[in-house]
Structures are given as C-alpha cells and as structure tokens.
Amino acid sequence: MAPNDPKQSSGGFFSSIASTFSSLGSAVSKSVNGVVGYEGIEVINPDGGSEDLEDEVTKGRWQQEDRDGYWKMMQKYIGSDVTSMVTLPVIIFEPMTMLQKMAELMEYSYLLDMADKTEDPYMRMVYSTSWAISVYYAYQRTWKPFNPILGETYELVNHNGITFISEQVSHHPPMSAGHAENEHFAYDVTSKLKTKFLGNSVDVYPVGRTRVTLKRDNVVLELVPPPTKVHNLIFGRTWVDSPGEMIMTNLTTGDKVVLYFQPCGWFGAGRYEVDGYVYNTDEEPKILMTGKWNEFMSYQPCDGEGEPLPGTDLKEVWRVADTPKNDKYQFTHFAHKLNSFDTAPKKLLASDSRLRPDRYALEKGDMSKAGSEKSRLEERQRAEKRSREAKDDKFAPKWFDLTDEITPTPWGDLELYQYNGKYTEHRAAADNSDSVIETNVESTEFNPWQYEDLAA
C-alpha cells in the first residue's frame with residue numbers, strides 16, 4: 001500500500017466512510033453460532049440484523065429433510081478444501097461449467113479495447129480495472145458451475161472480435177488455463193481455486209495468475225482479485241460477498257490500482273461498495289475510483305491527498321447491461337450466449353462444455369437425467385485415471401503447456417501453464433475449410449477423453 005494512502009489519513013475522499021464499513025464488517029462476522037442446535041452453524045442475513053436470524057435459518061433452496069441430511073454428510077469436511085473432494089447434488093448446480101465461467105470475463109472486453117487505445121496511462125488503468133470488476137455481477141450467482149472433466153474445453157467466438165479457448169489441464173488439483181485475443185489485447189490465465197469449508201459457508205481463494213497484454217504499446221497488466229465468501233450454503237438464503245483488495249499492476253510502468261471491496265454489514269450496509277485509487281509509479285494517487293461491483297464504476301481525477309480535483313466531475317466508466325427478468329439461474333444475456341451455438345466456432349471441438357450431457361439436461365430442466373449423466377461422466381473420468389496409472393501415462397493438455405515457472409500468490413504457489421499457439425493454427429484451418437459441420441448436443445457426443453476404448 002502506498003505510504004501516503006489517503007484511506008489511512010485523517011482526510012481523503014473515502015476516509016470518513018472507511019471506518020464505518022470496517023466496523024460493520026466486523027459486526028456481521030459476529031452472527032449467531034449454534035443456531036437451531038447445530039454446532040458450527042453460522043447464518044447471516046445480509047438484509048437484516050441479529051433479530052432476523054431465526055427466521056433466516058428456515059429459508060433457502062433446501063427442504064428441511066434434505067437440509068438436515070446434507071448437513072450430516074458435510075460436517076465432517078469442516079476446515080477442508082472441498083474444491084473437488086465432495087460429490088455434490090445437481091440441485092445446487094447451474095447449467096454452466098467453470099470453463100464457461102472463465103469466459104464470462106469477456107462480456108465487457110470493450111473496456112480492454114479502450115485501455116489499449118487511450119494515450120492516458122492512468123485512464124488505461126481505469127478501463128482495465130473496470131473490466132476486471134465487471135464480471136463480479138455474474139460471480140454473485142449462488143449456483144455452482146460444473147467442475148470440468150480433464151481435457152474438457154470451451155471455445156468462444158462472435159463476440160467483439162475475440163477468439164477464446166479454455167481447457168481443464170489438471171484434475172487433482174483442479175486447474176484450468178485460458179487464452180483470449182483480439183486486435184487490441186491478449187488475455188492469459190492459469191486458475192487453481194482453493195476452498196475452505198466452514199460449515200454453512202465456504203471461503204474461495206482465487207489461486208491463479210491473470211495477465212493482459214495491451215498490444216499497441218505492449219503493456220502487460222497483472223490482476224490479483226480478492227477472495228470470495230459464499231454464505232448460507234445449507235441454512236438460509238445463499239449469498240456471495242468478496243471483501244478485500246483487488247490490485248491491478250502495470251508490470252511495464254509500475255502504475256497500479258488498489259480497490260477495496262467493502263464487506264457487507266447488517267441491513268446490507270456497504271454491500272457491493274468498491275472504492276480506491278489509481279497510483280503512479282511513485283505511489284501517488286492520480287484518479288479515484290468508486291462504485292458498486294454489481295452495478296457501475298465511476299472515476300474522477302484527484303490530488304495527492306486523494307481529494308477530487310476542483311473543476312472535475314465524477315464520470316461513469318462502466319454499467320452492467322440489462323439482464324433477463326426472473327431468470328431461474330440469474331443468468332445474464334451473455335451467460336445464455338455462452339451456452340448457445342451462436343458463439344461457437346465452425347468445427348467445434350467435441351470436448352466443448354456446451355456438449356456435456358449433464359449440463360444440457362439441467363439447462364432443459366431434467367434434473368434426474370442431469371444427475372445420472374453427471375455420475376456417468378465422473379465414473380468415466382475415474383476409469384480413465386485408473387487406465388492412465390496402469391499404463392504409466394501422463395495426461396498432456398492440447399492447447400496449453402506446463403512451464404517450469406512457479407509463481408507465488410497470496411494463497412499459495414501456482415504452477416503455470418502457457419498458451420502454446422496450437423489452437424490458433426487449428427482455428428485458422430477450421431475457419432478456412434469449405435466443409436460445414438452442424439454441431440449440436442443431440443448429434444455430437446461429448447468427448448474429452450484420452451482413451452476411446454473405455455466403457456462409459
């Protein structure tokens with residue numbers, strides 16, 4: 001943090017509200033334990049106070065008997081990383097995979113185009129950080145995406161000139177890699193989520209590395225997002241918060257943005273609030289940023305104390321697009337496009353998430369089939385693992401290569417994968433082909449498998 005950080009001084013644009021948010025955040029962490037007789041249960045109503053907790057316990061997506069049974073099954077995992085060790089019921093899933101969830105970050109990619117075009121180095125940071133925040137509207141959904149099968153992929157085209165590819169590159173630990181590119185930027189990510197199950201909540205730590213290269217000046221940006229907490233998993237209505245710091249660093253110049261995601265307090269105080277500053281390489285504030293991560297972001301030039309410059313106005317840089325009304329999974333219009341073949345390329349890879357039968361069944365509302373197909377895919381994956389071990393084989397991703405680089409993150413070290421360029425060659429060949437292959441879920445079998453001779 002900058003030595004002259006305005007949030008730490010007696011003045012500054014945000015100083016008066018920072019202490020208030022801090023106290024509200026600590027208050028919410030003192031919610032009732034041991035409610036309804038279950039040891040370790042913590043229930044938090046983000047829209048109310050302590051007097052509302054007894055009523056909040058009975059709400060949520062679970063029936064009483066299902067809730068009690070699931071709690072008895074899950075309590076042994078308290079304190080554990082449950083990223084992939086627990087078989088979860090389909091009732092808590094949304095018809096999307098983690099690979100598609102990675103692609104949701106591309107919805108407002110025009111902000112990266114603007115970051116590449118601008119001559120102002122500080123507005124470059126405003127645009128790029130607003131892009132990073134824009135996906136949090138989608139991240140507040142409380143349904144769980146499907147864990148990708150090893151070798152599963154997701155492709156996205158027909159959106160802002162982008163070609164996007166993501167691939168599940170490791171099963172234990174679960175790791176994904178992604179690459180997106182258009183004429184203005186290249187995006188690269190290695191992701192390895194880490195979780196801690198706390199009974200009625202789970203902490204999600206974004207172990208990963210996200211970098212964006214702005215092509216005009218070859219500027220490299222690196223993002224460190226805040227952790228996320230999912231509240232009321234079993235008892236009460238599930239909701240998501242992401243209190244902490246988001247840091248976007250310009251590795252080329254040393255400029256950076258530090259934004260504070262405020263914790264939610266009683267009666268929703270501070271919920272969604274984000275504020276912070278763009279700093280130059282000398283850690284002097286140049287632009288203040290403020291907004292709500294589920295709605296909009298604004299900016300205004302500031303002085304060295306973080307105060308708005310006279311004669312300047314607060315200007316909006318991003319606002320969430322209109323969303324469908326009463327959507328079962330709270331999908332945005334863009335999320336629906338990610339399941340559509342309108343955003344799929346010619347000769348879609350058979351390993352693409354759109355083709356997963358469990359995801360597709362859930363999308364169509366067939367919960368029973370979704371559950372049975374999910375179990376079938378997971379068993380096939382276990383069979384592949386046994387065969388791989390018996391043959392002393394190693395899985396090798398197609399579109400990303402494991403590097404020798406290990407990078408530290410706030411939540412642990414990360415093995416890095418890099419895009420190998422082969423997908424660019426594959427896509428060019430497919431796009432230049434005269435043959436037209438109609439791809440749809442009914443006619444194309446989902447196939448991420450390494451071995452073709454195993455029974456499904």
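Thr-129 lies in helix 6, residues 121-134. In this predicted model, local features need pLDDT of at least 70 and side-chain atom pairs count only at pLDDT 80 or more, while totals for chains, interfaces and linings use all residues. Residues are numbered from 1 along each chain as its sequence is written, and side-chain values use heavy atoms, with hydrogens and water left out. Helices (H or I, at least four residues) and strands (E, at least two) are DSSP runs, numbered from the N terminus.

Thr-129 counts as buried because its relative accessibility is 1%; buried means under 20% relative accessible area, exposed over 50%, and partly exposed in between, with a 1.4 Å probe and protein chains only. Residues up to four places away in sequence set aside, Thr-129 touches Met-246, Met-248, Val-257, Leu-259 and Met-289. Contact here means heavy atoms within 4.5 Å.

A nonpolar core is a set of buried Ala, Val, Leu, Ile, Met, Phe, Trp, Tyr and Cys residues joined through side-chain atoms within 4.5 Å. The largest such core has 79 residues, of which Met-106, Trp-131, Ile-133, Phe-164 and Tyr-187 touch the most other members. Helix 6 gives the most to this core, with 7 residues. Apart from this core lies another, of 15 residues, among them Met-175, Ala-177, Leu-414 and Leu-416.

Which residues is Trp-131 in contact with, leaving aside its neighbours within four places in sequence? The contacts of Trp-131 are Leu-105, Met-106, Tyr-108, Ser-109, Leu-111, Leu-112, Tyr-187, Val-212 and Met-248.

**Strand pairing**

Strands of a sheet pair through backbone hydrogen bonds, either parallel or antiparallel. Two strands are taken to pair if DSSP finds at least two bridges between them.

| Strand | Partner strand | Bridges | Residues opposite each other |
|---|---|---|---|
| Strand 8 (202-205) | Strand 11 (228-231) | 3 bridges | Val-204 and Thr-228 |
| Strand 10 | Strand 13 (244-250) | 4 bridges | Leu-223 and Met-248 |

Met-248 is in turn touched by Thr-129 and in contact with Trp-131. In the hairpin of strand 9 and strand 10, 4 residues lie between the strands, and Asn-218 takes a positive phi near 55°.

An open sheet of 4 strands has the order 7-8-11-12, with antiparallel pairing. Its edge strands, each pairing on one side only, are strand 7 (194-197) and strand 12 (239-241). From one strand to the next, the twist averages 20°; axes are lines fitted to C-alpha atoms, for helices over the stretch in contact, and angles run from 0 to 180 degrees between N-to-C directions.

**Backbone features in loops**

Asn-158 is not a glycine, yet has a positive phi of about 60°. Asn-158 is found in the loop between strand 3 (153-156) and strand 4, and counts as exposed because its relative accessibility is 59%.

Tyr-272, also not a glycine, has a positive phi of about 75°. Its place is in the loop between strand 14 (256-261) and strand 15 (273-279). Is Tyr-272 buried or exposed? Tyr-272 is buried, with a relative accessible area of 17%.

A cis peptide bond joins His-172 and Pro-173, with omega about 0°. Pro-173 is situated in the loop between strand 4 (163-170) and strand 5 (175-181).
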